[in-house]
Amino acid sequence: MSVKKILTTPISYEQIRDLRIGDTVYLTGMLATCRDGGHGRVVRDGIFPEQFDFRDGAVFHAGPIVGKDENGRQYMVSIGPTTSRRMESVEAEFIEKTGVRLIIGKGGMMAKTAEACRKFGAIHCAFPGGCAVVAAQRVEEITGLEWPDLGMPEALWIMRVNEFGPLVVSVDTEGNNLFEQNKAVYREKMEEVLGAG
Amino acid sequence: MDIPAREKLVSAVAEMIALTAIHLSDDVDAALRRAAAAETNEAARTMYGCMLEDLELADRLNRPICQDTGVLQFFVEAGTGFPYLDEIKDALTEATARATAQTPLRPNVTEPLGEHNTGNNVGFGAPYIEYELVPGSTDLRIRLYMAGGGCSLPGRSKVLMPLEGTEGIKRFVCETVVEWGVNACPPLVLGIGIGTCAVTAAQLSKKALLRPIGTHSSDPKAAALEEEMKRDLDRIGIAPLGFGGDRSVLSVNIECAGRHPATLGVGITTGCWATRRGELLIHADLSCEILSHRRLMKGGR
């Protein structure tokens, strides 16, 4: 039985250097959502959030449902990952500009992001898609909100998480790419299946 | 005192919306549990375990299974004798806003060409409503589909050359599933439409997706193709969640319509493992039944 591998923020390069695609890790510390709208702000507009430092940090491709409890405090109702590939066109630049170490999302990223992960020392991990209540249970507290003008899904929600996961490494610091490798296998099988028809 | 008809409609639909966000329909729930139980790959079993844990937590905490509760799409079959035809659109719109606040749902609806979020899932052309008239009926049947982002991304429609035939259809579907399906939270519920043009093929694919798992196309050739394609896609094995395992789909549903001899339109609509759809039947006296979640109704379970 292997020991549960837990990353803690701020995430040093040493924490992620030896992780390889397919490994499972968890995150404890600070995490911010950032998806299409947030990536646009950072990469296209050069605007950075005031309450969250991406450097050595972790971002989550996600747009949550946020509720208010009886004391008026905001809490995570459901927060699963969104399709990471939508951010492919800007993620490499995002990594370079921000110094982020851990990107969490759904499914994989493509070659440009994998190269940026290798070059700048970052990884992409996949959280099981759709398992949004499981994820919400790992959020201890919402500590901040930036860019609420983008609306609930696109705003940057800052939260403290405890053993957030499972996170499966999909791009590692060598630029290996789990989902692209899987897709090559699926394509091979597909040709077998179609050929057999 | 009588509750006005509009309020009865709104509260019935809002209840169905909440139920659909928090619980899978009977057919999807059963199909997912069958897939999970039959899976032999160890890592894949862990992922299915996570999905089933999510369903349990959603049920216990009364929260949406997935944070992406989609853009609400209603497919209405209105009996021409249903007494409140004039109320339908307003009732569905009001129910959408109410369920968004109460369930709560994620406010997704954003202006078509900008980034302003309306905050209540109501906006220009939203919720999306399609109507079909049913002559001789006094009932109103409302099907709800929560169109999530991830599972809407792979959707496409294309007109093939007729000589490409069944093999062409299979290649188009398989390539779409392999390239885009991995990100759409498989095992997928796959709707395929076959018709004359890109639009009718796409519409038929949505109709196919709305059909319960376990039912088959009334066209025998299409029904056979459903089985064949499910077998083929499962051999590719992209599920769960693109990590790989014993299958790719929960179901392949095909709907087709007589086509032009010179065209073979093929539409693809994908639903995720948490495909959320609801079905509500409202009678002329405004009594109603939720048909999609019978196991959760009184006397069920």
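Predicted model: local features only at pLDDT ≥ 70, side-chain atom pairs only at ≥ 80, totals over all residues.
Which residue in strand 7 of chain B is the bridge partner of Ser157(B)?

**View 1. Strand 7 of chain B and its two antiparallel partners.** The bridge partner of Ser157(B) is Gly267(B). Strand 4 of chain B, residues 156-160, is joined to strand 7 by 5 bridges, and the two strands run antiparallel. Strand 5 of chain B, residues 188-195, is likewise antiparallel to strand 7, with 7 bridges between them. Within this second pairing, Gly265(B) of strand 7 has Gly195(B) opposite.

**View 2. The two faces of strand 7 of chain B.** Strand 7 spans residues 264-271 and is mostly covered, with 8 of its 8 residues buried. One face carries Leu264(B), Val266(B), Ile268(B) and Thr270(B). Gly265(B), Gly267(B), Thr269(B) and Gly271(B) point the other way. The residues of both faces are buried.

**View 3. The largest nonpolar core and the surroundings of Leu250(B).** The core comprises 147 residues, among which Leu102(A), Val13(B), Ile17(B) and Leu250(B) touch the most other members. Helix 1 of chain B, residues 5-22, provides the largest share of this core, 11 residues. At least three residues come from each of domain 1 (5-24 + 65-148 + 276-296) and domain 2 (150-271) of chain B. Leaving aside residues up to four places away in sequence, Leu250(B) touches Val28(B), Ala31(B), Leu32(B), Ala35(B), Pro187(B), Leu188(B), Val189(B), Ile213(B) and Trp273(B).

**View 4. The contact between chain A and chain B.** Chain A contributes 37 residues to the contact and chain B contributes 44. On the side of chain A that touches chain B, at least two residues are supplied by each of strand 4 (65-68), strand 5 (74-78), helix 5 (132-136) and helix 6 (178-196) of chain A. Helix 6 of chain A gives the largest share of that side, 9 residues. By residue class, this side of chain A divides into 17 nonpolar, 14 polar and 6 charged residues.

**View 5. Asp23(A) in a loop of chain A.** Asp23(A) lies between helix 1 (13-17) and strand 2 (24-33) of chain A. Because 17 other C-beta atoms lie within 10 Å, Asp23(A) is partly exposed. Beyond residues up to four places away in sequence, Asp23(A) touches Lys5(A) and Val169(A). Phe60(A) is 37 residues from Asp23(A) in sequence, and their C-alpha atoms are 18 Å apart in space.

Notes:
Residues numbered from 1 in each chain as written. Chains lettered and ligands numbered in written order. Buried ≥ 20, exposed ≤ 12 C-beta atoms within 10 Å, placed from the backbone. Helix = DSSP H or I, 4+ residues; strand = E, 2+ residues; numbered from the N terminus. Pairing = 2+ DSSP bridges. Contact = placed C-beta atoms within 7 Å. Nonpolar A, V, L, I, M, F, W, Y, C, P; charged D, E, K, R; others polar. Core = buried A, V, L, I, M, F, W, Y, C linked by C-beta atoms within 7 Å. Domains from an automatic or database assignment.
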